[in-house]
Amino acid sequence: GAISRTVGREAELAAASRFLAEVPAGKAPAILFVTGPPGIGQTHFLREVKVRAQLEGMKFYLETGYPGRLVPPGSLLEPFTAHVAEASRPRWQAFVSRLRKPGMPHRDQTSEEERRLRWAAEVAMAADTVREPVVLAVDALERFDEVSVALVCDLARHLGARKTGER
């Protein structure tokens, strides 16, 4: 096994290693939730998992929220852009760009619910074009903007709805 500097989290690291082993094979939806109260070592744990994933040649992005750090809406999914199929990338980039513009009155007067459904559809379409294993880990999700959180939740729902083995 891998040498670890993480002490007392052997069971959790073993579960994360099983998850990482299943991601490239498409054996499971690519969703792993790590939760716990502040100060118990989630950041250290996620950094350890990132190193393990990268040693296996996997693309692994760790986005960390910090108190007072202001990020543009939708920025959590920025690392995802490089993995969206080339033909779909301009649409994805235009979508992310629109998220970053200040709230303007909508010409078509769409409801917030309809707007969120459209966002979820954009995330699903982009996710369906990714053809390589990619892990996006988010530490301190509660410290990110509402739009980013909603999009990551949409991505998790979409991936969770996929059939096992589906890419």
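Modeller: Gladly, and please keep in mind that this is a predicted model.

Colleague: Is Leu 20 buried or exposed?
Modeller: The relative accessibility of Leu 20 is 6%, and the cut-off for burial is anything under 20%. Leu 20 therefore counts as buried.

Colleague: Which residues of H2 meet H1?
Modeller: On the H1 side, the residues that take part are Glu 12, Leu 13, Ala 16, Ser 17 and Leu 20. By class, this contact between H1 and H2 is made up of six nonpolar, one polar and three charged residues. The residues that H2 brings to the meeting are Phe 45, Glu 48, Val 49, Arg 52 and Ala 53.

Colleague: How are H1 and H2 oriented to each other?
Modeller: Two packed helices are described by the angle between their axes and the distance between the axes. Here the axes of H1, residues 10–22, and H2, residues 42–55, come within 10 Å and cross at roughly 40°, and the crossing is right-handed. An angle under 35 degrees would count as roughly parallel, and one of 65 to 115 as roughly perpendicular. The two helices, H1 and H2, are therefore oblique to each other.

Colleague: What is the order of the elements along the protein chain, from the N terminus on?
Modeller: The protein chain has five helices and two strands. Read from the N terminus on, these elements run α-α-β-α-α-β-α.

Colleague: What span does helix H4 reach from its first C-alpha to its last?
Modeller: Helix H4 covers residues 112–127, which is 16 residues, and at 1.5 Å a residue a span of 22 Å is expected. The helix in the model comes close to that expectation, reaching 22 Å.

Colleague: Which helices are included in what covers the buried residues of H4?
Modeller: The residues of H4 that are buried are Arg 115, Trp 119, Glu 122, Val 123, Ala 124, Ala 126 and Ala 127. Their cover includes two helices, H3 (89–99) and H5 (146–161).

Colleague: Which residues is Ala 126 in contact with, leaving aside its neighbours within four places in sequence?
Modeller: Ala 126 has its place in helix H4 and, at 4% relative accessibility, counts as buried. Its C-alpha atom and that of Trp 92, a residue 34 positions away along the chain, are separated by 6.6 Å. Beyond the sequence neighbours, the residues in contact with Ala 126 are Phe 80, Val 84 and Trp 92.

Colleague: Where is Thr 64, and which residues is it in contact with beyond its neighbours within four places in sequence?
Modeller: Thr 64 lies in strand S1, residues 59–64, and is buried, with a relative accessible area of 11%. Leaving the sequence neighbours aside, Thr 64 is in contact with Arg 69, Asp 139 and Phe 144.

Colleague: What is the phi of Ala 140?
Modeller: Ala 140 is found in the loop between strand S2 (134–139) and H5, where it counts as buried at 16% relative accessibility. Although Ala 140 is not a glycine, its phi is positive, at about 65°.

Key:
Residues are numbered from 1 along each chain as its sequence is written. This is a predicted model: local features need pLDDT of at least 70, side-chain atom pairs count only at pLDDT 80 or more; totals for chains, interfaces and linings use all residues. Side-chain values use heavy atoms; hydrogens and water are left out. Axes are lines fitted to C-alpha atoms, for helices over the stretch in contact, and angles run from 0 to 180 degrees between N-to-C directions. Angles under 35 degrees count as roughly parallel, over 145 as roughly antiparallel, 65 to 115 as roughly perpendicular and the rest as oblique. A crossing is left-handed if the near helix is turned anticlockwise from the far one by less than a right angle, and right-handed if clockwise. Contact means heavy atoms within 4.5 Å. Ala, Val, Leu, Ile, Met, Phe, Trp, Tyr, Cys and Pro count as nonpolar, Asp, Glu, Lys and Arg as charged, and the others, Gly among them, as polar. The expected span of a helix is 1.5 Å times one less than its number of residues. Buried means under 20% relative accessible area, exposed over 50%, partly exposed in between (1.4 Å probe, protein chains only).
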